[in-house]
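Biologist: Let us go through this model together. I will ask, and you answer from the coordinates.

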Amino acid sequence: MTDPPPSSTASVDNEDASSIANSSIITRHRANLNRISSETRRPTYKVPDVQFSRATLRKWSVSNNSRSRATATIPEDGEVVYNVNADNDVDDLLSGGEQWVEQLKRSFCGQCRSKSAKEWMATFLPMTTWLSTYKWRSYLQTDILAGLTVGVMIIPQSMSYAKLAGLPVQFGLYSSLMPIYAYSMFGSSRQLAVGPVAIVSLLLSTGLTLVLENEGIMPESMSQEEYQAIYATLALQTSVLVGIVYIAMGALRLGFVTIFLSHAVVSGFTSAASIIIGLSQLKYIFGYSIPNDSTLQGLVKNLFANIDKFNWKTFVLGMLCVGTLVGLKKVAATSPRLKWMRAAGPLLVTVICIVLLATIDLESHGIPIVNYIPPGLPSFTGGIVFPVSNISNLAIVVLSIAIVGFMESIAIAKKLAQLHGYDLDASRELVGLGMANAMSGLFGGYPVTGSFSRSAVNNDSGAHSGLSGIITASLVSVVLLCLTQVFELLALTALAAIVISGVISLVDYTEAIYLWRVHKFDYSVWMVAFIGTLFLGVELGLGLSVGISLLLVIFESAYPHTAVLGRLPGTHQYRNIKQYPDAELYDGIVLVRVDAPIYFANTQHVRDKIQKYYKRAEETLHDTHEIHNINAANNEIGPLQNDVQHLQFVVLDLSPVSHIDTSGLHTLQEMNATFQEDKGVQLCLSNPNPRVTQRLVQSGLANEIGRNHIFVSMHDAVHFCLDHMDTVEIERHLSRMSLNKLDSQQDHQSYDSNLVKKSLKDEDINSSTDNNDVEVGLNL
């Protein structure tokens with residue numbers, strides 16, 4: 001704790017002290033100090049669990065004396081030694097980049113330390129974690145039921161999504177086999193249902209089509225079989241590359257990258273992509289070939305180009321299937337007892353269509369069917385995948401699928417983990433998805449991720465572990481081994497109906513209404529992502545969405561919130577004066593809070609804001625004195641008792657500042673030099689955290705500002721400033737009193753000399769005296 005400022009009243013006699021105490025010049029400062037002391041009870045501060053190597057970082061001791069202040073005691077070297085017991089305590093003291101490096105070190109160092117066999121198994125095979133605590137009697141029945149329910153749902157869906165991805169239907173079944181086995185063993189979520197999804201299928205179709213067009217490979221330039229073989233090979237390679245990206249991100253703990261996509265951006269992109277998906281399936285509903293396009297205007301143009309080939313039979317069957325699926329979803333949503341209809345809907349439509357085709361022979365009436373599905377389990381396709389010769393061309397497709405796929409998967413996985421009360425490791429989730437995608441590409445599938453609809457059904461059916469996924473994959477394997485000839489009779493219009501009914505719920509118009517009502521700016525972001533994806537295409541729309549999210553992050557980072565603070569009456573709390581208009585301000589002091597880290601991106605904004613607050617406070621003081629002087633000249637009021645005409649202190653509250661870089665330190669150094677040299681203003685700092693304090697010491701800024709001007713709390717900083725201003729006013733008043741006394745003594749001596757001269761002159765006129773008498777008179 002720093003000593004209070006030296007007081008000059010000790011050498012003043014009682015009369016002067018009484019005069020100083022009653023002086024109206026310093027009445028305001030004493031009133032402020034007395035009001036703060038009487039209205040508030042000083043808090044007791046505890047020493048934080050952080051130490052410097054030579055001295056404690058701070059001494060948080062505050063006396064009950066209202067004039068005492070707690071200031072930060074800072075060592076000379078500034079070397080920090082953390083004395084913490086939990087890893088999270090260390091993370092709280094580090095900046096964002098330092099936290100990532102620290103977590104990465106702990107992750108790799110943790111793998112190197114000695115572990116038991118059980119810990120090693122949990123590290124490389126996360127399924128052992130839930131197997132060790134699995135309650136077979138309680139969980140087995142519900143897991144089997146959930147697995148069968150999702151399996152019934154995924155078989156027709158995977159075939160539909162494969163057609164959406166531009167691949168044969170067996171690719172969808174293959175993507176629902178080995179990837180699910182892999183995720184059940186390596187994934188961290190116990191209820192997440194992975195497999196083909198609509199958004200990823202659309203991204204794969206549009207991305208690979210663009211890649212082949214850029215290489216000059218078109219369906220018209222070769223046979224359909226050759227084009228399909230090249231396209232399928234690229235799909236397998238994309239899946240393996242997505243898996244490698246996921247595994248690398250998990251090893252480097254890069255799961256945080258998806259947080260840069262705001263909810264408004266994701267919702268707008270998903271809604272527009274769902275409309276594109278639905279329109280792309282109309283060719284199976286209308287019954288004639290429609291060229292694919294990734295934009296709304298292109299799809300509508302192609303749709304009406306050959307409208308004369310409209311097939312009313314496929315249209316009627318397709319609309320009946322869509323209506324049945326949507327109706328079953330509505331019934332399941334309104335009646336808890338009939339929730340099973342949501343999962344049974346796709347299978348019910350599939351069975352009805354197969355029965356109709358088998359009995360009536362709808363194919364002969366112009367309704368196309370799936371036709372051939374290769375029987376048996378998928379073969380190993382590693383020889384087709386490697387080597388990958390065009391990684392650069394596939395980079396955009398791979399990254400877009402990786403970002404959107406993980407974003408969709410981690411959102412539902414975190415929600416399910418929260419509902420069931422277990423921890424979800426994002427890094428392990430990345431590794432689990434990576435293994436699923438790698439296995440998909442190596443065994444005849446295409447990229448997969450977690451499905452919202454199937455995960456919800458899996459959870460509602462009572463799934464407790466990854467065993468439900470194993471049951472689902474096993475059911476798919478049974479279909480591939482025994483029932484492929486049955487599913488060959490499935491109508492393509494039924495598959496399109498399953499896709500359309502699935503993406504209808506993804507058009508999140510309710511979110512747009514909510515954003516319009518609550519936050520107009522987020523609504524604008526939603527509309528930009530929605531319209532951009534709808535009219536520019538999925539690839540450009542995704543790029544635009546990511547760009548908008550990054551711009552939002554940069555904008556919020558470059559223009560952080562700042563505020564002028566005032567004291568709440570009756571407390572020692574200092575809050576934003578815009579939020580609390582009754583907060584008290586003090587002439588000569590401006591209190592500023594920066595609500596963000598100070599680094600290169602926002603240093604200019606922080607400097608401008610502090611300068612703005614300083615100028616505003618100066619203008620307020622100047623205007624106040626001008627008004628009082630005018631009124632005093634008109635004899636309307638007395639002279640202004642407060643002679644604080646200039647700002648004397650700028651106090652920065654650094655408690656929200658988690659870290660500061662060298663650009664921020666240079667900015668504070670320049671402001672401190674400007675304030676002290678040009679304006680005579682003292683810069684003070686309040687409550688910097690240990691990491692910021694270390695930077696202040698290492699840069700020498702702590703010495704430049706003055707270590708006695710760095711405080712534990714804003715309350716102590718205000719005490720210091722008011723006490724200092726009080727002392728300055730006392731010294732100034734004493735100086736004025738001394739000058740007045742000196743002037744009075746000089747006037748008295750001059751008056752005595754004039755009296756002597758006058759008396760001598762009168763004696764010369766009235767009488768004559770000898771020289772001795774004159775000398776006596778002069779001596780007198």
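Biologist: Which residue lies over the face of W516?

Modeller: First, the ground rules: this is a predicted model, where local features need pLDDT of at least 70, side-chain atom pairs count only at pLDDT 80 or more, and totals for chains, interfaces and linings use all residues. Residues are numbered from 1 along each chain as its sequence is written, and side-chain values use heavy atoms, with hydrogens and water left out. A charge sits over a ring if NZ of Lys or CZ of Arg is within 6 Å of the ring centre and within 35 degrees of the ring normal. At 4.8 Å from the ring centre of W516, the residue is K520.

Biologist: How are the planes of W526 and F530 arranged?

Modeller: Rings of Phe, Tyr and Trp (its six-membered ring) pair if their centres lie within 6.5 Å; planes under 30 degrees apart count as stacked, over 60 as edge-to-face and the rest as tilted. The structure holds 14 aromatic pairs. In this one the centres are 5.0 Å apart and the planes lie at 15°, so W526 and F530 are stacked.

Biologist: Are W526 and F530 buried or exposed?

Modeller: Buried means under 20% relative accessible area, exposed over 50%, partly exposed in between (1.4 Å probe, protein chains only). By that scale, W526 and F530 are both buried.

Biologist: Why is strand 7 described as largely enclosed?

Modeller: Strands (E, at least two residues) and helices (H or I, at least four) are DSSP runs, numbered from the N terminus. On one side of strand 7 sit I589, L591 and R593, and on the other V590, V592 and V594. The strand is largely enclosed by the rest of the structure because the buried count is six of the six residues.

Biologist: In which sense does strand 7 pair with strand 8?

Modeller: Two strands pair if DSSP finds at least two bridges between them. Strand 5 and strand 7 have four, in the antiparallel sense. Strand 7 and strand 8 have five bridges, and their sense is parallel.

Biologist: Which residue forms a salt bridge with R593?

Modeller: A salt bridge is a side-chain nitrogen of Lys or Arg within 4 Å of a carboxyl oxygen of Asp or Glu. The whole structure has three. R593 is buried at 16% relative accessible area. With the closest N and O atoms 2.7 Å apart, its partner is D595.

Biologist: How many residues apart are E584 and R567?

Modeller: Their side chains meet in a salt bridge at 2.9 Å, N to O. E584 is in the loop between strand 6 and strand 7, and R567 is in strand 5; the separation is 17 residues.
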